[in-house]
Amino acid sequence: MLFRSTMLAFTAHATTLLKLDLEGLTSRSEQVVRGHVVGIEPRLERGRVMTYVTIRVAERYKGEGEDEVTLARVGGRLGDVATHVAGSTSFSPGEHVLVFLERPAAKGAPLVVTGMRQGKFSVQMGPDDRTLFVVPNVHGVRLVEPTSQREEGAATLVEADPSDAHTSTWSLEAFSS
């Protein structure tokens, strides 16, 4: 089955995305990993800042690879140049994350977070100081569910209704299963 991802932007300050459930995130992703952010490197590329994030893998749920995985995201700051994309993910050094990663179609393209913010979850210690929880990070993103889709020339037109964001928090054990 061919799946097309379409991004709909309604305002300059927010991003509207077609909602991906966990099955959709998983099927689109080449890798799904949990780990800690060990490197953040902004680079100026073609007049915009790209940030490369390296994660030391603690657990791999899908895909194969090394002990570390590097992903790219548009945005960041390098000296006096800053690039911002509404709905893009951000990372902090040492942050514990669970990420869904896909590779864009462009030959040699680096991995990116699947579904923009939808594919990044924070892993946080629960109030019992023993249980790890997986927390979604979709603030600032409006998610919609498609109700119909049609082709019109080279464009794909999608009608969509607002969706509840990924608001559930799971224990890491439940999420992993």
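**View 1. The surroundings of Val-134 in a predicted model.** Leaving out residues up to four places away in sequence, Val-134 touches Leu-98, Phe-121, Ser-122, Ser-168, Thr-169, Trp-170, Leu-172 and Phe-175, where a contact means heavy atoms within 4.5 Å. Val-134 belongs to strand β11, which covers residues 132-136; helices (H or I, at least four residues) and strands (E, at least two) are DSSP runs, numbered from the N terminus. Val-134 counts as buried because its relative accessibility is 0%; buried means under 20% relative accessible area, exposed means over 50%, and partly exposed lies in between, with a 1.4 Å probe and protein chains only. One of the residues that Val-134 touches is Ser-168, and although Val-134 and Ser-168 are 34 residues apart along the chain, their C-alpha atoms are separated by 8.8 Å. This is a predicted model, in which local features need pLDDT of at least 70 and side-chain atom pairs count only at pLDDT 80 or more, while totals for chains, interfaces and linings use all residues. Residues are numbered from 1 along each chain as its sequence is written, and side-chain values use heavy atoms, with hydrogens and water left out.

**View 2. Glu-66 in a loop between two strands.** Glu-66 is located in the loop that runs between β4 (48-62) and β5 (68-74). With a relative accessibility of 63%, Glu-66 counts as exposed. When its neighbours within four places in sequence are set aside, Glu-66 is in contact with Val-57 and Arg-60. The C-alpha atoms of Glu-66 and Arg-56 are separated by 9.0 Å, and these two residues are 10 residues apart along the chain.

View 3. Side chains of opposite charge can pair when their charged atoms come close. A salt bridge is a side-chain nitrogen of Lys or Arg within 4 Å of a carboxyl oxygen of Asp or Glu, and the structure holds six of these. In one of them, the side chains of Glu-68 and Arg-56 meet at 3.3 Å, N to O. Glu-68 lies in strand β5 and Arg-56 in strand β4, so this pair ties together parts that are 12 residues apart in sequence. Glu-68 is partly exposed, with a relative accessible area of 37%, and Arg-56 also counts as partly exposed, at 46% relative accessibility.

**View 4. The salt bridge of Lys-120 and Glu-95.** Here the side chains of Lys-120 and Glu-95 meet in a salt bridge of 2.9 Å, N to O. The pair links distant parts of the chain, 25 residues apart, with Lys-120 in strand β10 (residues 120-125) and Glu-95 in the loop between β7 (81-83) and β8 (96-102). Both Lys-120 and Glu-95 are buried.

**View 5. The salt bridge of Arg-43 and Glu-41.** The side chains of Arg-43 and Glu-41 form a salt bridge at 3.2 Å, N to O. Arg-43 counts as partly exposed, with 33% relative accessibility, and Glu-41 is partly exposed too, with a relative accessible area of 41%.

**View 6. Positive phi angles at Met-116 and Asp-129.** Met-116 is not a glycine, yet it has a positive phi of about 55°, and it sits in the loop between β9 (112-113) and β10. Asp-129, although not a glycine, has a positive phi of about 60°. Asp-129 lies in the loop between β10 and β11, and with a relative accessibility of 63% Asp-129 counts as exposed.
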